[in-house]
Amino acid sequence: MNYSVWVSFLSYTVITALSPGPNNILALNATGSAGIKKSKNILLGIYTGFTCIMVICGIFSSALLIFLPNIMNYMKYIGAVYIFWLAYHVAFSKPIETNSQADCQSFSKGFILQFANVKIILWGITAFTGFIMPYYQSPLVICAFVMILSLIGNGATHIWAVAGSMLGSFLRKYWKISNICMSILLLYSAIHLVLE
């Protein structure tokens with residue numbers, strides 16, 4: 001993977017991970033209503049479930065490469081369409097209200113959410129098929145990328161958990177500028193993915 005591919009990969013993974021989604025909003029609500037200490041179980045559930053999903057995405061993408069090797073030529077276009085859709089959605093989305101209380105601070109709630117969280121499933125498959133698998137197929141390297149993606153995704157959720165209402169108020173105040181900047185970087189990632 002050359003420098004420009006790394007920039008595209010990191011732009012896509014970091015921006016998408018930081019954008020509002022089920023994990024980030026749940027973490028924000030949980031810590032906003034109960035604090036970080038009392039929310040540790042649900043946060044641990046989110047982090048553990050997210051890592052499990054990245055393992056599944058890595059295995060799924062590797063299986064695609066083995067059983068349908070030519071599909072990788074098309075997966076990057078599917079990934080680019082998803083990133084374009086995401087960029088459009090981010091550009092025109094309004095701030096999300098976070099007034100609802102986190103009704104349950106359990107590990108299982110955070111863990112089970114991951115298996116219904118389409119955003120992270122598509123995020124993982126797009127990262128693997130569009131940015132990683134065209135350059136690396138070694139099981140050891142794939143495992144390393146599972147950890148990298150887990151650190152990026154869980155790190156973004158933790159930022160939302162720690163920043164809580166401060167991040168929420170900043171994004172609500174400057175949401176148009178923030179959304180446009182994130183969308184431009186996502187579009188850059190999608191274009192680079194198709195042209196690579």
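Reader: Which residues does Q114 touch, leaving out those up to four places away in sequence?
Author: In this predicted model, Q114 touches N23, I46, G49, F50, I53, I120 and I121, with residues up to four places away in sequence not counted.

Reader: And where is Q114 found, and is it buried or exposed?
Author: Q114 is found in helix α5, which covers residues 107-114, and it counts as buried because its relative accessibility is 0%, where the cut-off for buried is under 20%.

Reader: Switching to α1, how many residues does it have, and how far does it reach?
Author: Helix α1, residues 3-18, has 16 residues and reaches 22 Å from its first C-alpha to its last, which is close to the 22 Å expected at 1.5 Å a residue.

Reader: Which residues of α1 are buried?
Author: The buried residues of α1 are V5, S8, F9, S11, Y12, T13, I15, T16 and A17.

Reader: How do α1 and α6 pack, in terms of angle and axes?
Author: Helix α6, residues 118-132, packs with α1 at an angle of about 180°, and their axes are 11 Å apart. Because angles over 145 degrees count as roughly antiparallel, α1 is roughly antiparallel to α6.

Reader: Which residues meet there, and what kinds are they?
Author: From α1, the residues V5, S8, F9, Y12, T13, T16 and A17 meet K119, L122, W123, T126, A127, F131 and I132 of α6, and the residues of this contact divide into nine nonpolar, four polar and one charged.

Reader: Last topic: how many disulfides does the structure hold?
Author: The structure holds zero disulfides. As for cysteines, C52 is partly exposed, with a relative accessible area of 30%, and C143 also counts as partly exposed, at 48% relative accessibility.

Note on methods:
Residues numbered from 1 in each chain as written. Predicted model: local features only at pLDDT ≥ 70, side-chain atom pairs only at ≥ 80, totals over all residues. Heavy atoms only, no water. Disulfide = S-S within 2.5 Å. Buried < 20%, exposed > 50% of the residue type's maximum accessible area, 1.4 Å probe, protein only. Helix = DSSP H or I, 4+ residues; strand = E, 2+ residues; numbered from the N terminus. Expected span 1.5 Å × (residues − 1). Contact = heavy atoms within 4.5 Å. Axes fitted to C-alpha atoms, helices over the stretch in contact; angles between N-to-C directions. Parallel < 35°, antiparallel > 145°, perpendicular 65-115°, else oblique. Nonpolar A, V, L, I, M, F, W, Y, C, P; charged D, E, K, R; others polar.
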